[in-house]
Amino acid sequence: MYLEKLKYFIDLVQTGSFTKAGKKNFVSQTSITQQIRFLETQFACQLIDRTTIPVKPTEAGKLLYQEALQLMQQYERLTQRMSDYNEQKNRIRIEYTSIMDIQLFSQIIHNKRLEKENILLDIEKVPLKGVAENLVNHRYDAAISFDSEFFEEKQIKTVALYFGDYCAVVGRNR
């Protein structure tokens, strides 16, 4: 299977239109239709409900969409890592779960030293629920989180960056 076909499928689901997906990819609507039919033949099921406007994925299409998104993200990471390797850059992928986490982290790092060592930081906000899985599956190199959801995870080493009191502000009318 070709990644391009999956990209067309993702774009079709996101735009809800064969024509819009074609325009987004600089190909004709007919080309998008052919690629989707190829996927439907490949998987022996209907992936798109063509009776609705905008078109919508079937249950099988929803499954393919979720898996295709992950595959495309993984391919993009692979492409970036190979580019970094060729350019002799060291990229560290960091996930965080709240603004408080990243503010604390930004106080710790020293950008001038990172530049000297040719280190790039990719920092992305993610839901707390998937942090441990992302680390175990090497989607990210490090995580910053106020929660200890993954504290007991044997495959993950944790380091406390800060200890202190937690304060919350609640309005009078609550």
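This is a predicted model: local features need pLDDT of at least 70, side-chain atom pairs count only at pLDDT 80 or more; totals for chains, interfaces and linings use all residues.
Residues are numbered from 1 along each chain as its sequence is written, and side-chain values use heavy atoms, with hydrogens and water left out.

Trainee: How many residues does the largest nonpolar core have?

Mentor: A nonpolar core is a set of buried Ala, Val, Leu, Ile, Met, Phe, Trp, Tyr and Cys residues joined through side-chain atoms within 4.5 Å, where buried means under 20% relative accessible area, exposed over 50% and partly exposed in between (1.4 Å probe, protein chains only). Those with the most contacts inside the largest core are F9, L12, F18, I36 and I48, and the core has 18 residues.

Trainee: Which helix gives the most to this core?

Mentor: Helices are DSSP runs (H or I, at least four residues), numbered from the N terminus. Helix 1 (3–15), helix 2 (18–25), helix 3 (29–43) and helix 4 (59–86) each supply at least two residues of the core. With six residues, the one that gives the most is helix 1.

Trainee: Which residues are in contact with F18, leaving aside its neighbours within four places in sequence?

Mentor: Contact means heavy atoms within 4.5 Å. With those neighbours left aside, the partners of F18 are L12, Q29, I32, T33, I36, I48, R50 and V55.

Trainee: Is M82 buried or partly exposed?

Mentor: M82 has its place in helix 4. Its relative accessible area is 45%, so M82 is partly exposed.
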